[in-house]
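Please consult the structure shown below alongside the text.

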Amino acid sequence: MTSKPKVLITGASTGIGAVYAQRFAERGHDLVLVARSVDKLEASAARLRKETGVSIELLPADLTDKAQLSSVETRLREDASIGILVNNAGGNVGGTFVTQDIADLTKLVTLNATSVLRLAHAVAPRFAEKGEGAIINISSVLALAPEWATSVYTATKAFVLSLSQALHGELAPRGVYVQAVAPAATRTDLWNLVEEDKRPPLMEVSELVDAALVGFDRREAVTIPHLHDEAHWQALEAARKVLLQDTGHITAAARYAASK
Ligand code: NAP
């Protein structure tokens, strides 16, 4: 039992989520680990318990299954010892929009977007009431790249980025910290969908998570570990704000004047 808040991490069986589990355990946080692969969760939990001495509970769940997602929501709503949520579980579907199966795409939206929304909504009122807590949402730099050929994945990540930025603004004054992490290409199983010779250079997962945790400790709203020049992000944010200021008109732009 530690005095630090317990951390619930989704998609903790492999990749980025597994390293978040390792790092939070090393920081002395007890954990609740969520994913479908019980064997991988058990192996990782056994190792981390031995290495760090923290208490680790497994909460196996398929987040695309309504009842199982609901059980994780209930846990987040009712367990006052959980003070940090890491919404990391995610996936992708191979193919292009016209070849992808609509059932697979609908499941993808449930996993990458709806589960993030529902789990954040399950804890946010409790965190806000208490005046503390943190939510880490794993987005992607693809959130900024709709022209790259992964339409629905990209759209889900844009949803996560936008939701996180909005919640950061809404909840920070109530003492709750919300961070969006937007990785670019990182060496995990997610890349198994892409042929090896078509993969870009990949960042190692530990490099990504350690950088994201520096952003977490600094209470950044958006953390993009692969982005070397922070001025590029600041310029994008500034351009967005200038554009929005130019949308407060009650007449349509002159370029849309109907031709007489
Ligand atoms: P990964 O190694 O494939 O890990 C995905 C995790 O999500 C696994 O733990 C998996 O566990 C879990 N998961 C998948 N489907 C699930 C479901 N239906 N219910 C519950 N858990 C499920 O990939 P990763 O790269 O670490 O992905 C983590 C996050 O980073 C994702 O949100 C991804 O979109 C994002 N991301 C990754 C990259 C990259 O280049 N790798 C870049 C940007 C963003 P089980 O299979 O055991 O359920």
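## Packing of H3 and H4

Helices H3 and H4 run roughly parallel to each other, because angles under 35 degrees are counted in that way. The axis of H3 (residues 66-78) comes within 8 Å of the axis of H4, and the two cross at roughly 20°; axes are lines fitted to C-alpha atoms over the stretch in contact, with angles from 0 to 180 degrees between N-to-C directions. Helices here are DSSP runs (H or I, at least four residues), and strands (E) have at least two, numbered from the N terminus.

In the contact (heavy atoms within 4.5 Å), Leu 69, Val 72, Glu 73, Leu 76 and Arg 77 of H3 meet residues of H4 including Leu 119, Ala 122 and Arg 126. The contact residues comprise 6 nonpolar, 1 polar and 4 charged.

## Largest pocket

A pocket is an open set of points on a 1 Å grid, where a 1.4 Å probe fits, with protein on both sides within 12 Å along at least five of seven lines; lining residues have an atom within 4 Å of a point. The largest pocket holds about 1500 Å³, a volume being the space filled by probe spheres set on the points. Its lining has 49 residues, with Gly 90, Gly 91, Asn 92, Tyr 153 and Leu 190 nearest the centre. H4 contributes the most, with 4 residues.

## Basis of the values

The model is predicted: local features need pLDDT of at least 70 and side-chain atom pairs 80 or more, whereas totals for chains, interfaces and linings use all residues. Residues are numbered from 1 along each chain, and side-chain values use heavy atoms, without hydrogens and water.

Definitions and conventions: Parallel < 35°, antiparallel > 145°, perpendicular 65-115°, else oblique. Nonpolar A, V, L, I, M, F, W, Y, C, P; charged D, E, K, R; others polar.
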